[in-house]
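I want to see who pairs with whom and where the partners sit.

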Amino acid sequence: MLYPQLFADLEKARWNMADDISWGEFDGNLLTDDQALTIKMNAITEWSALPATEMFLRDNRDDSDFAAFMSIWFYEEQKHALVLMEYLRRFRPELCPSEAELHAVRFDFDPAPPLETLMLHFCGEVRLTQWYRRASEWHTEPVIKQIYKTLSTDEARHGGAYLKYMKRAIDVCGDEARRAFAKIGFLMASSGRSGKPLHPTNLHVNKSLYPNDTVQSRLPDPEWLERWLDEQIQFGKEWEGRVVGGILRNLSSLFGVALETLADLNRYRKQLPGDAPAVG
C-alpha cells in the first residue's frame with residue numbers, strides 16, 4: 001500500500017495556517033481590487049475538490065489504498081480554499097465567498113474510467129503548480145505572494161503522489177494503464193496550443209447538466225479563468241512550456257522511453273498494443 005508512506009511524507013511537509021503564513025506582513029497598498037477578486041475565484045475553484053473527492057471515492061470502490069489517500073488530498077485542497085478565504089476574511093471581507101457560491105460548485109460528476117481520471121488529475125496538479133507559481137509572481141502584496149507559493153508547492157507534492165499511483169497502475173494493469181495515461185497526457189499537454197489549456201475545473205463532467213457542467217461555469221464569473229490566465233497572470237508560452245515539459249518528463253520516466261515532444265508522445269501512444277485511443 002502507498003497510503004501509509006504518503007501520509008508520513010505529506011505529514012512532515014504540512015504547513016500550519018496560523019503559524020506559517022506571515023499575516024502580519026500584509027500591506028494593503030499593494031493589493032488591487034482586481035487582484036483580490038481573483039483570490040475569491042481561486043478559493044471557490046479549490047472548494048471543488050469536494051465533488052472531485054466524491055467522484056474518486058465512488059469510482060475507486062475497489063481500491064481502498066487510493067481511497068484512503070483521498071483523505072489527505074481532500075484535506076489539503078480544502079485547506080487551500082480555507083487559507084484564501086481567511087486572507088479575504090482578514091483583509092477584504094466583502095469578497096469572501098458565500099456558502100451558496102461555494103455550494104454551487106458541488107455537483108455530481110458522471111462516472112469515468114479511473115485510470116483516465118487519475119491521469120487527468122495528475123496533469124491538473126502539474127498545471128496548477130505552474131499557475132500558482134506564476135500567480136505568486138504576478139501578485140504584489142507579500143502575504144498573498146507567500147500563500148500562492150505555498151499552494152504551488154503543495155500541488156507539486158500532490159502530483160508526485162498521483163505519479164506513485166500511476167506507477168502502481170502500470171505494474172498492475174500494464175498496457176491498459178499506458179494507453180490511458182498516454183491518451184490523456186497527449187490531450188492535456190496539447191490543449192495549451194488551442195488557447196484553452198485544460199484543467200479538471202474546465203472539463204465537462206455531467207451530460208445531463210450541459211453546458212452548466214463545469215466548475216468554471218458555476219463560478220460567479222464564468223469567464224474569469226481565461227481572463228486570469230491571459231490578461232492578469234499572463235500565463236504565456238514560456239509557462240505553458242513548463243507544463244508540457246513536466247508532463248513529458250514524468251511520462252518518460254513512467255514509460256521508460258524518451259519523450260521530448262508531443263509528437264514523440266503521440267507516436268508512443270499509437271505504437272501501444274491494442275487500438276490507439278481516440279483523442280478529442
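Started with Arg168 and Asp65: their side chains meet in a salt bridge, 3.1 Å from N to O. This is a predicted model, so I keep in mind that side-chain atom pairs count only at pLDDT 80 or more. I then looked up where the two partners sit. Arg168 is in helix α7 (residues 142-173) and Asp65 in helix α4 (residues 64-91), so the pair links distant parts of the chain, 103 residues apart.

Buried or exposed, what is Asp65? Asp65 is buried, because its relative accessible area of 6% falls under the 20% cut-off. Arg168 comes out partly exposed at 26%.

Next entry: Glu54 and Arg106. I find a salt bridge here too, with the closest N and O atoms 2.3 Å apart. Glu54 belongs to helix α3 (residues 49-59), while Arg106 lies in the loop between α5 (99-103) and α6 (114-138), so this pair ties together parts that are 52 residues apart in sequence. Both ends got an accessibility check: Glu54 is partly exposed at 31%, and Arg106 is partly exposed at 37%.

Then a pair within one helix. Glu86 bridges to Arg89, and their closest N and O atoms are 2.7 Å apart. Glu86 and Arg89 are three residues apart in helix α4, so about one helical turn separates them. I noted Glu86 as buried, with a relative accessible area of 16%.

Last look-ups. Glu11, Arg14 and Glu76 turn up linked in a network of salt bridges. For the whole structure, my search gives 18 salt bridges.

Methods:
Residues numbered from 1 in each chain as written. Predicted model: local features only at pLDDT ≥ 70, side-chain atom pairs only at ≥ 80, totals over all residues. Heavy atoms only, no water. Salt bridge = Lys/Arg side-chain N within 4 Å of Asp/Glu carboxyl O. Helix = DSSP H or I, 4+ residues; strand = E, 2+ residues; numbered from the N terminus. Buried < 20%, exposed > 50% of the residue type's maximum accessible area, 1.4 Å probe, protein only.
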